[in-house]
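Me: I am new to this structure and would like a friendly tour. Could you show it to me, then take my questions one by one?

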Amino acid sequence: MIIGNRIKEERLKRRLTQEELGKLVGVSKVAISHYERGEEQPKMEKLVKLSEVLNLTPNYILGNDVNAILEEEVTYCFKISKSEMEIIKQLRNHPKLYKKICENPKRVIDYIELKLSKEKVI
């Protein structure tokens, strides 16, 4: 039921009707209603479209996320997927790389992208 609750919650935040969301996703109002009530789950193609339309990750819609708290003095709470959390855990096993990413994430990501594009291996 988590999928349905999240779809409905996000639809309402954006002040969309089931019919409007259905048109944006390419399904009927009835299909959106079924998703929200947990009677059906969106197929992969529609899940991806829902995530694009609602500006969410598929993992969030599916409930594959965890709460994260940053810093001890100040509490921030946000949703992050399990796979994103796994990336962070793996990065922490490489302190030098982790430090570089924390200091200048865009530069490091750009560098990695450049290296991958030269290798053409992902």
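This is a predicted model: local features need pLDDT of at least 70, side-chain atom pairs count only at pLDDT 80 or more; totals for chains, interfaces and linings use all residues.

**A guided tour in questions**

Me: Is Lys8 buried, partly exposed or exposed?
Reply: Buried means under 20% relative accessible area, exposed means over 50%, and partly exposed is in between, using a 1.4 Å probe and protein chains only. Lys8 has 40% relative accessibility, so it counts as partly exposed.

Me: What distance separates the C-alpha atoms of Lys8 and Ser33?
Reply: Ser33 is one of the buried residues of helix H3 (residues 29–37). Along the chain, Lys8 and Ser33 are 25 residues apart. Their C-alpha atoms are separated by 8.7 Å.

Me: What covers the buried residues of H3?
Reply: The buried residues in H3 are Ala31, Ile32, Ser33, Tyr35 and Glu36. Their cover includes H1, H2 and H4.

Me: How do H2 and H4 lie to each other, roughly parallel or roughly perpendicular?
Reply: Helix H2 spans residues 18–25 and helix H4 residues 44–54; they pack at about 115°, with axes 9 Å apart. Axes are lines fitted to C-alpha atoms, for helices over the stretch in contact, and angles run from 0 to 180 degrees between N-to-C directions. Angles under 35 degrees count as roughly parallel, over 145 as roughly antiparallel, 65 to 115 as roughly perpendicular and the rest as oblique. H2 and H4 are therefore roughly perpendicular.

Me: How many residues of the contact of H2 with H4 are nonpolar?
Reply: Contact means heavy atoms within 4.5 Å. H2 brings Leu21, Leu24 and Val25, while H4 brings Lys46, Lys49, Leu50, Val53 and Leu54. Ala, Val, Leu, Ile, Met, Phe, Trp, Tyr, Cys and Pro count as nonpolar, Asp, Glu, Lys and Arg as charged, and the others, Gly among them, as polar. The contact has two charged residues, no polar ones and, as the class you asked about, six nonpolar.

Me: What is the angle between H6 and H7, and which word describes it?
Reply: Helix H6 covers residues 82–92 and helix H7 residues 95–103; their axes come within 7 Å and cross at roughly 120°. That makes H6, relative to H7, oblique.

Me: Which residues in H7 do Ile88, Leu91 and Arg92 of H6 meet?
Reply: By class, this contact of H6 with H7 has six nonpolar, no polar and one charged residues. On the H7 side, the partners are Pro95, Leu97, Tyr98 and Ile101.

Me: Is Arg15 buried or exposed?
Reply: Arg15 sits in the loop between H1 and H2. Its phi is near 55°, a positive value in a residue other than glycine. With a relative accessible area of 75%, Arg15 is exposed.

Me: What pattern does the chain follow along the sequence?
Reply: The secondary structure comes to eight helices and two strands. Read along the sequence, the pattern is α-α-α-α-α-β-β-α-α-α.

Conventions:
Residues are numbered from 1 along each chain as its sequence is written. Side-chain values use heavy atoms; hydrogens and water are left out. Helices (H or I, at least four residues) and strands (E, at least two) are DSSP runs, numbered from the N terminus.
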